[in-house]
Amino acid sequence: MSNDLTPDQAAFRQFELDGWKTSAPVYFDAIVGVNSQSVPALLDAAGVAAGVRVLDLACGPGHIAAAAAQRGAQVTGVDFSPQMLAQARRRYPDIAFQAGDAEALPLADASVDAVVMGYALFHFARPERALAECARVLRPGGRVAFTAWALPVPGSALAIANACLKAHATLDLGLPEGTPFHRFSEPDECRRVLTAAGFVDVGFRTVPQRWRMAAADDLYEGLSRASVRMKTVFQRQTPDVQQRLRAAMRDAVAAHATADGYVLQMPAALSWAQKPA
């Protein structure tokens, strides 16, 4: 662990670490069906192919590492959450997963060809430090790619959740101040931080994704159990407010009914860059 964090940064890091203790066991079933839809584009952006040495940073339950391994890549997954690593090792026992701090990676300089991060940078106390570590462990000419949740658009899953929270919830809860949730949804900010970390040939695009739900309550269930910050916001409401939130989200999701359930937009923001050769 980095030992030069400010008190606020240390509090945010601990908040994230504690949050995954209960979110990790439910994350795969609740969220991976959505965010795995951008994995092929993420791997393509990083140049992941047979024989490529890949670091899946903040690997979570290991699905991105597994997709890279299916391409024939040599994959290592790193995460700081013991609970997430347990999930990854259980699901994908043939892949190497290890504990590590994104801001002080347990890897040698120039030891990998590609670094991928799925919805991870906004969970870090110091994302700039993590990107600097990505640059360090990449070989010259290696590539980094990461996803974040795209900015909400009308009718999307996050737009519905945000509107319901604004209408019904108490939001001033004294949570540790951390990286803004949508900081890496903005192309200009992604280009800025990647360029500042020494990368070149920076790119950005939005990847469509759809959250398919069997029940209208699935949006509330997923966000209130499988995330960290949003989960905490839901859980710190009074029981009465929680019921109002559930009902409001259920009603909003019901407007997106299909023949076999419900479908909401949940797009990804994909960024990538190259370490100079």
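This is a predicted model: local features need pLDDT of at least 70, side-chain atom pairs count only at pLDDT 80 or more; totals for chains, interfaces and linings use all residues.
The structure contains 6 aromatic pairs. In one of them, the ring centres of Tyr-220 and Phe-234 are 5.2 Å apart and the ring planes meet at 80°, so the arrangement is edge-to-face. This pair connects distant parts of the chain, 14 residues apart: Tyr-220 belongs to helix H8 (residues 218–225), whereas Phe-234 belongs to helix H9 (residues 229–235). An aromatic ring also takes part in an arrangement with a charged group: the charged end of Arg-91 is placed over the ring of Phe-28, at 3.7 Å from the ring centre.

An open sheet is built from 3 strands in the order S7-S9-S8, and the pairing is antiparallel. Strands S7 and S9 are joined by 4 bridges, and Trp-211 stands opposite Leu-264 in S9. Helix H10 (residues 239–254) lies across S7, S8 and S9, and runs at about 95° to S9.

Tyr-262 is located in strand S9 (residues 261–265). Apart from neighbours within four places in sequence, the contacts of Tyr-262 include Trp-211, Arg-212 and Met-213, as well as Val-253, Ala-254 and His-256. Between Tyr-262 and Gly-77, the separation is 185 residues in sequence and 33 Å in space, C-alpha to C-alpha.

Notes. Residues are numbered from 1 along each chain as its sequence is written. Side-chain values use heavy atoms; hydrogens and water are left out. Rings of Phe, Tyr and Trp (its six-membered ring) pair if their centres lie within 6.5 Å; planes under 30 degrees apart count as stacked, over 60 as edge-to-face and the rest as tilted. Helices (H or I, at least four residues) and strands (E, at least two) are DSSP runs, numbered from the N terminus. A charge sits over a ring if NZ of Lys or CZ of Arg is within 6 Å of the ring centre and within 35 degrees of the ring normal. Contact means heavy atoms within 4.5 Å. Two strands pair if DSSP finds at least two bridges between them. Axes are lines fitted to C-alpha atoms, for helices over the stretch in contact, and angles run from 0 to 180 degrees between N-to-C directions.
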